2 protein chains.
Amino acid sequence: MSEPRTEISSLGEFGLIDHLTRNNETHHASTILSVGDDAAVLDHFGKQIVVTTDLLIEDVHFDLTYTPLRHLGYKSVVVNLSDIYAMNATPAQITVSLGISNRFSVEALDEFYDGIYTACEKYNVDLVGGDTSSSNKGFIISVVAIGEVAPDKFVKRDGAKKGDLICVSGDLGAAYLGLLLMEREKRIFLESPSVQPDLENQDYIIRRLLKPEARKDIIEFLQQNQITPTSMMDVSDGLSSDLLHICKQSNVGCVIYEDKIPIHEDARLFAFKLELDPTACALSGGEDYELLFTIGQDEYEKLLTNEQISVVGHVTDADQGAHIITRGGNKHPLTAQGWNAFKK
Amino acid sequence: MSEPRTEISSLGEFGLIDHLTRNNETHHASTILSVGDDAAVLDHFGKQIVVTTDLLIEDVHFDLTYTPLRHLGYKSVVVNLSDIYAMNATPAQITVSLGISNRFSVEALDEFYDGIYTACEKYNVDLVGGDTSSSNKGFIISVVAIGEVAPDKFVKRDGAKKGDLICVSGDLGAAYLGLLLMEREKRIFLESPSVQPDLENQDYIIRRLLKPEARKDIIEFLQQNQITPTSMMDVSDGLSSDLLHICKQSNVGCVIYEDKIPIHEDARLFAFKLELDPTACALSGGEDYELLFTIGQDEYEKLLTNEQISVVGHVTDADQGAHIITRGGNKHPLTAQGWNAFKK
């Protein structure tokens, strides 16, 4: 039994947009005008607006041989919302623009939009517009996220001060290990298509790669406990690279401790299986979409109730540089490529 | 003497962004935080926000064999601003995201950004963010424009009423004829690279294709003269297709008159040279980025001082359909593909 396939050309550009947005409902009072005109109209009266955008290109940012379209739609939204949360703001609207090759059917796009709408529902954001065109070169996704924040309550990367504690949410490195697993299975499949994939019950690291979440809960926790980070960003390029951004923009140095870096047990075991160092994966892996932030030492007590937040080090003077202290007590410089000394 | 060529890889992703935005200055009080963090922060206190986005893909939306990068940067901004003006709003900020293949040099990107900044200057908008990544498939441009409008003063496509006058700014069809000219020259060049291009002093139609402008002046005129259109959109797909959008969304019909459609003399002559009907080019050509709007009849007198606005017809009941009256007095239905009967 073959699945139904509706050609995109049978709907036309405007018919396709109507089809994909036919069940779109908006929930925010700030969403005045949504899909279907030249632009969307928003009214965030009394708030500041936060805007971010990410461009995702097939075979650069994702591989459709192992990425379900539903998850890709979900992830395309989440990676943008993560940037909004990283400003200490609350996302409210998104736009989605697509370049679509005609190897896609309408049913395939429906799956992609299922993922988009699922993310909108979960994170309470409205889809308010976008642009759809053909692409002769694969699937291209451009998402914009718009959020709001009380005036001057946004958190940048440049406010870390000497003595501040360096915190991360969740755990690090698992998405990268999920990527290594999927790439290995893809290679095996291409060489021997009859071999069944061996995903080794690695649900956790695969989910971290294919269906990441943005840390709405952490921002809510910080707000409820009246903790305002001195600096914050999301971990998209790996802890090393991202922490170095904060150090550079805040004009400070840092020390982090290997034994404090949160790594999920499944990630740790799979790293060992690949003869990789789990810490190197956490430092350089990327795509974790956790929050990295600094707080004043006097806020430390308030963090203790939240097991999802780890204190991994502290901020120093700029002339101290940026370092990691290993479990064995050795001190290595952090580099944007991660902790090279650790890599095998 | 060869031009200097700096490889993008020599700067790295973050170095490239720093380089491209090194002279970026922001001018709007509403631009609180610009390039360099997870997101931009805007404060349009007391105004409504208008958001639009366009995705431009190489060989779908532009052809680098005859499109100077400087003009492409300029046009990428302008097509988005045009959507903001079409809402009766004023653009204030843009973001620019790029997918760049490594056949581009840093110098080539500098040219592209020259065009971006020139448009920002001319239209008084701030560049506040974006995303830069590699692309294995050609040049990809995603621009977001953000504008502001006094509460509930935005103009949609659904407000046209029976008896309203149908107006267009500037002239129509020239960009399409510019495209035909450039495509002809490209074909000739590919067949016989030694033949010099014959652009026939067609500056006007080439400029309309490669370096269009958004009709800021028309929005300012309407505001100064306290004219609020009942519906408005920009002409990007051709007068026929776009007017049919207004008719559908406003649930009305329309009549337009062939002899009222504004067509530039250069466009008319070049159409004849290609044995095309100039009216068909205006109806179906697209990419003119003029404004199409409807106004109540009592506003007619106020328009007379502006030679850049033509009244091309009027709005009827929906059951009258959508028609064009030819110079010869015949009545033809308007179709989304343009006035098919006229096409040769």
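Domain bounds here come from an automatic or database domain assignment. Keep that in mind as you select; the model itself is predicted.

**Stop 1: two domains in chain A.** Select residues 8–149 of chain A for domain 1, then residues 165–342 for domain 2. Give each its own colour. Taken over C-alpha atoms, the centres of domain 1 and domain 2 of chain A are 27 Å apart.

**Stop 2: where the domains touch.** Domain 1 of chain A puts 15 residues into this contact, and domain 2 of chain A puts in 17 residues. Which helix gives the most on the domain 1 side? Select residues 69–85 of chain A: this is helix α2, with nine residues. By class, the domain 1 side has eight nonpolar, five polar and two charged residues.

**Stop 3: chain A against chain B.** Now show both chains. Each side of the contact is made of 49 residues: 49 from chain A and 49 from chain B. On the chain A side, elements giving two or more residues include β1 (31–33), β2 (40–42), α2 and β8 (231–235) of chain A. Select β3 (48–57) of chain A as well, another element on that list. β3(A) gives the most to the side that touches chain B, with nine residues. The chain A side holds 22 nonpolar, 16 polar and eleven charged residues.

Stop 4: Finish by picking A:Ile49. The bridge partner of A:Ile49 in β2(B) is B:Leu42.

Definitions and conventions: Residues numbered from 1 in each chain as written. Chains lettered and ligands numbered in written order. Predicted model: local features only at pLDDT ≥ 70, side-chain atom pairs only at ≥ 80, totals over all residues. Contact = placed C-beta atoms within 7 Å. Helix = DSSP H or I, 4+ residues; strand = E, 2+ residues; numbered from the N terminus. Nonpolar A, V, L, I, M, F, W, Y, C, P; charged D, E, K, R; others polar. Pairing = 2+ DSSP bridges.
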